[in-house]
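Let us walk through this structure from its surface to its core, and then on to its aromatic rings. Keep the model open as you read.

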Amino acid sequence: MFFLIVYGIALALASLFVFYRDINQIWDVLLQMGFFLSPIVYPLSLIPEKYLYYYMLNPITRMIEMYRDVLYTESSPDSWILALYYFSG
């Protein structure tokens, strides 16, 4: 699932790099912002409840939480989240 998201972004950016060479610098800043907006190094419980809905709009957030559930609690991901990823697109 993560591969398909990254592959789609890479294809879109590759076509834009041909015409706009400055996207490389913009992409570096956006990638760093995405790292800090995703719960990679901090738990999702640190996010205030009023911002949680907007925070969950990031597709990487749900994916990171699925990975944590599998690794920490040894439970399988919810089937509706898997269906959301596989059938939305």
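This is a predicted model: local features need pLDDT of at least 70, side-chain atom pairs count only at pLDDT 80 or more; totals for chains, interfaces and linings use all residues.

**Surface, core and rings**

A nonpolar patch sits on the surface, formed by Ile26, Val29, Leu30, Met33 and Leu37. Together these residues have about 470 Å² of accessible area. Ile26 belongs to helix H2, which covers residues 23-37.

Now turn to the interior. In soluble globular proteins, nonpolar side chains tend to be buried together. Here the largest nonpolar core has five residues: Tyr42, Leu44, Ile47, Tyr55 and Met56. Pick out Ile47. Leaving aside residues up to four places away in sequence, Ile47 touches Tyr42, Leu52 and Tyr55.

Next come the rings. How many aromatic pairs are there? The count is three.

Is Phe3 buried or exposed? Phe3 has 59% relative accessibility, and the cut-off for exposed is over 50%, so Phe3 counts as exposed. Tyr7 has 45% relative accessibility, so Tyr7 counts as partly exposed.

Tyr53 and Tyr54 also pair, with ring centres 5.4 Å apart. Their planes are at 75°, and edge-to-face needs over 60 degrees, so this pair is edge-to-face. Tyr53 and Tyr54 are both exposed.

Conventions: Residues are numbered from 1 along each chain as its sequence is written. Side-chain values use heavy atoms; hydrogens and water are left out. Patches are made of residues with over 30% relative accessible area and no salt bridge: like charges are joined within 9 Å, nonpolar side chains (Val, Leu, Ile, Met, Phe, Trp, Tyr) within 5 Å. Accessible areas come from the Shrake-Rupley method with a 1.4 Å probe; for residues, only the protein chains shown count as cover. A salt bridge is a side-chain nitrogen of Lys or Arg within 4 Å of a carboxyl oxygen of Asp or Glu. Helices (H or I, at least four residues) and strands (E, at least two) are DSSP runs, numbered from the N terminus. A nonpolar core is a set of buried Ala, Val, Leu, Ile, Met, Phe, Trp, Tyr and Cys residues joined through side-chain atoms within 4.5 Å. Buried means under 20% relative accessible area, exposed over 50%, partly exposed in between (1.4 Å probe, protein chains only). Contact means heavy atoms within 4.5 Å. Rings of Phe, Tyr and Trp (its six-membered ring) pair if their centres lie within 6.5 Å; planes under 30 degrees apart count as stacked, over 60 as edge-to-face and the rest as tilted.
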